[in-house]
Amino acid sequence: MSNKNISRRSFLSAALAAPVVAAVASSCAQVRTPQAGTRLSGQALEAVDHLIIGTGYGGAVAAYRLASVGQRVTMLEMGKRWDTPGSDGKIFTPIMKPDSRSMWYRNRTELPMNTFLGLSVEQWTRRGPGALDRRQLGDMDVYLGRGVGGGSLVNAGMAPRPRRDMVAKQLPAVDVEEFFATYLPRAERELGISSIDPAFLESTPWYQYARTGRRDAQQAGYKVVDIPNNYDFAYMQAEAAGRVPRSALNGELIFGNNHGKRNLTKTYLGRAEATGRVEIHTMTEVLTVRPATGGYRVETQVRNFDGTIVARPTYLARRVYFGAGSVGTTEILLRSAAQGYLTDLSPELGRGWGANGNVTFGRANHLWRPTGNKQSMVPVLGIDNWDSPNACFAEIAPLPVPLELYLQFYLVIADNPNSGTLSLQNGRLTSNWVRSMNRPAIEKVRATFDVINRQQGTLYRNDLFGNGEVFNADFTYHPLGGAVLGQVTDAYGRLPGYQGLYVTDGSLIPRLLGVNPYLTITALAERLMDEILTKDLA
Ligand code: FAE
């Protein structure tokens, strides 16, 4: 069903005609700060102009750009706002001290590296709305950030530029020259991306692991490159000097950083909220979107701290921007289609989904080649072997343990031609990804690192993932695709046939980018918001 010609007047009159709108103010106050034990309220209906689902990169860019031109914006985020310290005075937990702030309603940490020397290193946690979620979709475990800031809360901040040839191949609807001249530099500026001071990198004990990994790679003839980051490296140097509280140097990464990292609340979202025109409703999960008189009805559910659903408010929005990430956006669209609400979406919906070729593994270093008992959680060097038949980009990764482990750890993005599909089975999201689909990526990583092992006389570790295997490609930090640009959407994220519906996030990029994706997702969102502001809202 199309939803054409929504004028502001018809939208407002439809909204005002809604019988429950008068109840909005009081019920929404309850909805936004639900307390444990709050009874499920009835359906409130709130009318808004621009509604953004999710507060990650795609959502944050949309909010900032809309608010900057005077538009009022409501954002719905299923996670919490991360602004209140716990009893330890900290907002986020280090990797080695997890609690209810760490994982999204889990009793265990469930991280990809879960054993060491064959012994479990999994930690118990308390259930709560933690910053990191893990969703099992077929044979692929997907890790996701939860809360205001989305993936920016939990990610490692690495922001390499994509290769031009990958942008041209994966995003043919994008003008590559314009993307590199205008949108990537703009995204880097807004996100506060910079590189580590080379003198600090070469001298600090906190990057011994990076220097060791670089030496081994260079001796094998590989190119090693700097990886820019949104971490404030001046702050990191002050951490190393003991002048400020430690964050990257205190094992803080995958469950959030307390200092130093410029997550989205310090960049796009902070600026968006500072306009006074952006409101964020937290713990509010969007279920479906459907056409309605004057716009779209957006059905949601609100959780309290325990995870109990305490309210089911409905919004009426003139325009809806999907920024719930590859998994979240695709899920809402698939569910809305399955329930007969968005029946004209492209049959390509859910396709072109993948794990960005993520593979992780470790090598055992010799005793005379220590990696250091102090490791900064911010990786800054990568081995670039993309221009070879074994195309991969390997980040020299840290470990959060203050012990010398003689373990060189890597997170690799490897070329993998396989493409998956997300779909609903009995109403639950799943994927058709099976383990054998990881093989091309693992083979490239093995071929690349066999060279290093041969030369150094070192071995792979097979004690890190609980199954005796060397390579773990059963998980991803970088889910991509599902609502691919130019296939499910037009060249600018519009959903054809549904005026006022847009996709702005990582679901636009099909399955593989070849580098860590958030910089490219941000730049892509900037590009489509330029178009939407000038063509659709003018
Ligand atoms: P994302 O940032 O995931 O935001 C989606 C938001 O929508 C989240 O806040 C969700 O809670 C929310 N949401 C989802 N479903 C709903 C719903 N139904 N209703 C309401 N809200 C919803 O999406 N990338 C890099 O480039 N460099 C790195 O160093 C890096 N490291 C990573 C490390 C970890 C541990 C993880 C998990 C990811 C890492 N990533 C990294 C990936 C990166 O964070 C990810 O690609 C982006 O965050 C995706 O941005 P989106 O805007 O697509």
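Two residues are in contact when they have heavy atoms within 4.5 Å of each other. Keep that in mind, and remember that this is a predicted model.

**Exercise 1. Work out how the chain is put together overall.**

Step 1: Start with the contacts. Take those between residues at least 6 apart in sequence: 73% of them join residues at least 24 apart.

Step 2: Look at the secondary structure, where you'll find twelve helices and 21 strands.

Step 3: The C-alpha trace spans about 75 × 50 × 45 Å along its principal axes.

**Exercise 2. Describe what is inside and what is on the surface.**

Step 1: Of the 538 residues, 62% count as buried.

Step 2: The accessible surface comes to about 20,000 Å², and carbon and sulfur atoms hold 50% of that.

Step 3: Now the charges. There are 58 positive and 48 negative side chains, and the centres of these two sets lie 3 Å apart.

**Exercise 3. Find the nonpolar cores and the residues that belong to them.**

Step 1: Begin with a general idea: in soluble globular proteins, nonpolar side chains tend to be buried together.

Step 2: In this model, the largest nonpolar core has 108 residues, and V289 and F322 have the most contacts inside it. Helix 12 (residues 518-536) gives the most to this core, with ten residues.

Step 3: Zoom in on V289. Leaving aside neighbours within four places in sequence, V289 touches a set of residues including I53, Y296, F322, I332, Y341, L342 and L501.

Step 4: A second, separate core of 38 residues includes V224, C392, I396 and Y410.

**Exercise 4. Decide from the accessibility of T371, E110 and L117: is each one buried or exposed?**

Step 1: You need the cut-offs: buried means under 20% relative accessible area, and exposed means over 50%.

Step 2: T371 sits in the loop between strand 13 (358-364) and strand 14 (381-384). Its relative accessibility is 1%, so T371 counts as buried. Setting aside neighbours within four places in sequence, T371 has contacts with Q208, Y209, T212, N365, E404, Y406, L407 and Q408.

Step 3: E110 is in the loop between strand 2 (73-76) and strand 3 (115-116). At 10% relative accessibility, E110 is buried too. Check its backbone while you're there: phi is positive, about 55°, although E110 is not a glycine.

Step 4: L117 lies in the loop between strand 3 and strand 4 (119-120). With a relative accessible area of 61%, L117 is exposed. L117 also has a positive phi, about 50°, without being a glycine.

How values were computed:
Residues are numbered from 1 along each chain as its sequence is written. This is a predicted model: local features need pLDDT of at least 70, side-chain atom pairs count only at pLDDT 80 or more; totals for chains, interfaces and linings use all residues. Side-chain values use heavy atoms; hydrogens and water are left out. Helices (H or I, at least four residues) and strands (E, at least two) are DSSP runs, numbered from the N terminus. Buried means under 20% relative accessible area, exposed over 50%, partly exposed in between (1.4 Å probe, protein chains only). Accessible areas come from the Shrake-Rupley method with a 1.4 Å probe; for residues, only the protein chains shown count as cover. Lys and Arg count as positive and Asp and Glu as negative; His and the chain ends are not counted. The place of a charge is taken as NZ of Lys, CZ of Arg, CG of Asp or CD of Glu. A nonpolar core is a set of buried Ala, Val, Leu, Ile, Met, Phe, Trp, Tyr and Cys residues joined through side-chain atoms within 4.5 Å.
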